[in-house]
Amino acid sequence: MKKLFSLLIGIAMFIAVFCCFSVSAFAAPSQVTDVEKTQLLSSKTYYSFDASAKTLTISGEGAAPSFSAGQNLPDSQPWYKWKKDGSIEHIVVEEGITSLGNYFFHDMTVGDIRLPSTLKSIGSYCFANSPEIETLNLQNITSISNYAFYMCYGLKEINIPSTVTYIGKSAFASCRILNHVTFGNQYMDVTIDEKAFFKCPELREMYVPFNAKLRNYSVGFVEGDKVGTVEYYKEFTMNAFADSAAYAYAQKYLMSRNTLDEMVIQQGVNLDRKYFSDNLNDSMIFVFTPEQSASYSFCLSGSIKAECVLTDSNGTVLKQVTYNPLTDSKCEINSEFIGGNTYYYTVSSLGTMGEFNISLLPMGIDRIEIDWNFNFKADVLPDGKLDVARLIKGRSVDFVFSDGFVYSFPFEDGAEYNGIKISYSNKLNSSVTCGENKDSIVVGDTELPFIINIEHSYVSEITEPTITNGGYTRHTCVLCGDSYTSDYTQQLGRTVYGYVKVMANPEGDLLENSNISDINIYNNEGKLVAVTDKEGFFVAEYAYDFIEVESYAGPNRKIAIDSTSENLGDIGIVFCDFNEDGYVNAKDFSLFNSACGDYDFTYGYDCVDVNKDGTIDFEDWSYAKSYFTYGKLDESIYN
């Protein structure tokens with residue numbers, strides 16, 4: 001027994017040591033140093049980390065990128081190795097960030113997360129597998145992607161703001177203790193996709209907006225006993241309006257349901273409701289609490305005969321009207337309300353089936369405005385065609401009421417708002433060009449102009465400089481043909497001048513009064529560009545890089561041209577290599593000796609008359625002696 005006990009103790013100690021070794025050997029190290037502002041992939045967003053405050057901050061503008069789920073990949077989370085070890089306790093996403101990409105905060109043990117008002121969308125798996133999140137302020141979010149909060153085991157409650165139009169597949173699936181979901185208002189238009197709230201056992205009821213659209217197993221379901229099957233929670237209750245999609249959803253799946261007949265509305269609301277045989281006798285109560293004292297109009301229209309009764313919070317009937325679609329285009333209840341008091345509009349069908357529309361607005365439109373700014377680059381419209389009608393569809397037409405309330409009506413050509421027709425002028429006829437393109441819409445009797453600005457997009461064509469002409473770049477707009485020229489460069493050829501003289505020795509000294517006439521000057525293309533006059537002077541046009549000075553009794557010389565000066569100064573050339581073999585020696589002296597005496601200088605050999613006395617003699621040859629000991633003449637002799 002003692003041996004067995006000792007063995008068990010040993011095994012236990014081994015396991016403990018192994019576990020300690022495993023943790024110490026494989027656990028990721030904590031992030032104990034700050035991380036300076038660092039770009040996130042190729043986006044305009046950045047992250048930084050304050051180690052002492054244990055705060056991860058996301059900053060920048062626009063959309064933060066998507067990451068992959070794994071590590072050691074080019075697009076892994078930069079904080080992947082230290083996201084779960086306690087290094088991060090706070091996350092701050094600063095104003096300016098408009099979306100968070102896929103897997104952005106995936107699998108993190110951080111509960112304190114602050115999101116900005118500029119955030120509009122949340123990517124797939126963005127917060128998935130993050131057990132510390134208990135609640136989150138989504139503010140102005142419009143879209144929650146698939147699996148965004150999947151398996152957030154600590155999430156207890158969530159408020160879906162009225163700005164949200166889409167909740168993705170399994171967005172809140174497997175949130176095991178989620179027990180409270182609220183929506184921004186009861187008439188918001190939101191799509192709740194398949195299994196959005198799947199396997200949420202603590203979510204016992206939900207109040208679903210009137211205009212919500214539900215997909216298969218959106219809410220109230222769990223996996224069945226058999227693989228691939230689902231079943232609804234027996235304890236779940238759907239609270240929905242009788243003629244809503246949510247109510248039909250509950251009926252389809254035989255769920256427990258409560259029929260809602262009271263809807264809290266705000267000024268500016270505009271919604272439709274239908275009466276069928278099964279809800280023909282139902283009344284709908286619209287509850288309104290104005291923020292300030294003003295006159296308001298409750299408008300009823302549609303295809304049913306209905307009654308509307310206005311009461312105050314004490315049940316006192318303030319007004320009662322009947323609407324008959326056969327005789328009335330619409331029914332309006334205009335009333336003065338006291339700010340902060342609650343009022344009730346009860347609408348009942350008078351035995352007819354069909355659809356009705358209600359709207360609630362302050363009375364008295366002060367003005368109608370649009371704030372439409374459109375800017376395009378010409379290269380996205382190379383043919384000058386733009387479907388303006390499609391561009392402006394859904395843009396906001398703002399009705400500003402006398403109490404300051406603004407109702408934003410989405411533009412649709414031919415639509416009506418409270419009897420005011422809205423239409424598109426179509427002045428451009430889908431054709432635009434660069435600059436300001438003016439168009440307008442007409443709201444009632446008011447024309448509201450807007451401008452579509454097209455910015456030039458230029459393509460560039462480079463003309464390289466030549467010897468005779470300068471270079472330049474021509475920029476031409478792909479849409480309107482507007483053009484301009486820039487980046488001028490000088491012609492390669494330029495004018496240089498200088499004097500050609502006789503070189504007295506290999507060191508470069510020049511003989512006085514030894515200017516040589518009739519020396520040819522060539523440019524680097526071998527073109528003759530100048531000939532020296534009797535003073536040895538030349539002016540060479542269209543020369544660049546270098547000129548080559550020809551010698552009749554020695555090697556030609558190349559003279560580099562730079563941009564500092566057009567004056568090349570005095571240029572010395574070697575003489576007396578008469579046989580042009582590269583050496584000044586006895587062979588040349590023999591040729592020189594035969595030319596002694598009077599000489600016809602018209603052949604260009606006046607360079608041999610070095611002393612310029614009109615006679616070629618041994619005194620002239622004496623200047624050649626300094627070259628005898630220098631071997632073959634080449635360019636090095638000029639250095």
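Q: Before we look at strands 37 and 38, what does it take for two strands to pair?
A: Two strands pair if DSSP finds at least two bridges between them. In this predicted model, strand 37 (residues 458-463) and strand 38 run antiparallel and are joined by 6 bridges. Ser460, for one, stands opposite His475 of strand 38.

Q: Which strand joins strand 38 over 5 bridges?
A: That's strand 39 (residues 483-489), also set antiparallel to strand 38. Here Tyr484 is the bridge partner of His475. Strands 38 and 39 make a hairpin with 5 residues between them, and Gly481 in the turn has a positive phi of about 85 degrees.

Q: What about the open sheet of 5 strands: what is its order?
A: The order is 1-2-3-5-7, with mixed pairing. Strand 1 (35-39) and strand 7 (112-114) are at the edges with a single partner strand each, so one side of each has no neighbour in the sheet. On average, neighbouring strands of this sheet are turned by 15 degrees against each other, direction ignored. Strand 1 pairs with strand 2 (residues 45-50) in the antiparallel sense over 3 bridges, with Thr38 and Tyr47 as bridge partners.

Q: Where does pLDDT stay under 50?
A: Where pLDDT is low, the predicted coordinates should not be read in detail. Here that's residues 1-28, for which the model has 3 contacts beyond four places in sequence. For the chain, mean pLDDT is 88, and 92% of residues reach 70 or more.

How values were computed: Residues are numbered from 1 along each chain as its sequence is written. This is a predicted model: local features need pLDDT of at least 70, side-chain atom pairs count only at pLDDT 80 or more; totals for chains, interfaces and linings use all residues. Side-chain values use heavy atoms; hydrogens and water are left out. pLDDT is the predictor's confidence in each residue, from 0 to 100. Contact means heavy atoms within 4.5 Å. Helices (H or I, at least four residues) and strands (E, at least two) are DSSP runs, numbered from the N terminus. Axes are lines fitted to C-alpha atoms, for helices over the stretch in contact, and angles run from 0 to 180 degrees between N-to-C directions.
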